[in-house]
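Reader: I would like to learn how to read a model like this one, feature by feature. Could you walk me through it?

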Amino acid sequence: MNKNYYAVIMAGGVGSRFWPLSTQGYPKQFHDLLGSGQTLIQKTFSRLNRFIPKENILVLTNERYKELVLEQLVDVKEDQVILEPARRNTAPCVLYASLKILKKNPNALMLVAPSDHWIEDEFTFEKNIKRCFEECAQKEILMTLGVKPTFPNTGYGYIEFKKKSGVEIKKVRQFREKPDYETAKIFLTKGNFLWNAGIFVWGVRSIVNAFQKFQPELYTLFAQGMQVYNSDNESDFIAENYEKAQDISIDYAILEHAKNIHVLLAGFDWNDLGTWGSLYNELEKDGNQNAILNAKTLLTNSNRNIIKTGPGKIVVMEGLNDYIVVDKDNILLVYPKEKEQDIKTVLVSVKQKLGDHLI
């Protein structure tokens, strides 16, 4: 394995659209959603460890998930878990991780990837990432992977690339926010829009230079800790300074400003597993297109549902179509799939009426 290859797994999210399975205390990345025998974060780690040394894989997460990470990733040592003492979005934690890697290896090539995505073709994933690494080793560019859209999805951000650019690697024109349905249809007709997979590759010097240029205050804040990074004094510095960081995403902080961003069209199928509906798309179905996890079911006139319960739970349904049915502990969710994006909003009402412990 190339010792200059590094990866940062982003594992601090709550996954609130997967409530009630995913909660603040036990988010979706620590669950085996696909019934594969591995949790999502375990699948991500093993996928990266095919070509990145295990000691070069860092995990960015919230302080409260430290023990879950160490319990599920037995090859990860405690100093590979980067803890956020406060939620400040993705830019501060990416900069923090980048500076730690820069101090250890100034020639590092760095992959940033979410912990909860579904990628089946791991061989092609490896091939694509290595291609990005090669490009970033030769040029001071920032790279991302884009996925060819198959329908006008309103749940993903999009990458617009310049049509008259490279054959394999395209120059990014701009990143687009999640569109409404009509706008998404227009994107597909234009032919130069890709789904934003949220997977980034760059040389560690390149991304640190970008922060220094476009986010000087944020850079200065974290650069003050260079002497203590990767030492026993690091945690004290972070505890004192991290919450001072601006709450800003890597997209707004860097990607909207940088002119040296390129995109490689991913050659593998991809799903961000952001909602119950996206999980439904990846699961095996019965003859009536119902996806069933753990439950024992008696279903009549019921089609295209996703049903998730504890092992052996008996579920009897009549005349229910296109619903999410999730039974976990003392919570039962029965919700239309077409409104799955609203589950996150529903949690606000649940929290207000029934208490924080359910979320």
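Reader: How many salt bridges are there between domain 1 and domain 2?

Author: A salt bridge is a side-chain nitrogen of Lys or Arg within 4 Å of a carboxyl oxygen of Asp or Glu. Between domain 1 and domain 2 the count is zero. Before we go on, please note that this is a predicted model, where local features need pLDDT of at least 70, side-chain atom pairs count only at pLDDT 80 or more, and totals for chains, interfaces and linings use all residues. Residues are numbered from 1 along each chain as its sequence is written, and side-chain values use heavy atoms, with hydrogens and water left out.

Reader: Where are the bounds of domain 1 and domain 2?

Author: Such bounds come from an automatic or database domain assignment. Here domain 1 covers 5–271 and domain 2 covers 276–354. Taken over C-alpha atoms, their centres are 30 Å apart. Contact, meaning heavy atoms within 4.5 Å, involves 11 residues from domain 1 and 17 residues from domain 2.

Reader: What area do domain 1 and domain 2 bury between them?

Author: Buried area is the accessible area (1.4 Å probe) that two parts lose on being put together, summed over both. For this pair of domains the value is about 1,600 Å², with 68% of it on carbon and sulfur atoms. Arg17, Trp19 and Pro20 supply 43% of the area that domain 1 buries against domain 2, more than any other three residues. Have a look at the backbone there too: the peptide bond from Trp19 to Pro20 is cis, with omega near 10°.

Reader: Is Ser98 buried or exposed?

Author: Buried means under 20% relative accessible area, exposed over 50%, and partly exposed in between (1.4 Å probe, protein chains only). Ser98 has 0% relative accessibility, so Ser98 counts as buried. Its side chain reaches the backbone oxygen of Val94 at 2.6 Å. Leaving aside neighbours within four places in sequence, Ser98 is in contact with Met110, Val204, Ile207 and Val208.

Reader: And which residues does Glu135 touch?

Author: Not counting residues up to four places away in sequence, Glu135 touches Ile141, Met143 and Ile169. Glu135 is buried because its relative accessible area is 10%.

Reader: What is the phi of Asn301?

Author: Phi of Asn301 is near 50°, a positive value in a residue other than glycine. Asn301 counts as exposed, at 55% relative accessibility. Asn230 has a positive phi as well, near 65°, and counts as partly exposed at 36% relative accessibility.

Terms used: A polar contact is a pair of N or O atoms within 3.5 Å; within protein, one must be able to donate a hydrogen and the other to accept it, and residues adjacent in sequence count only if both atoms are side-chain atoms.
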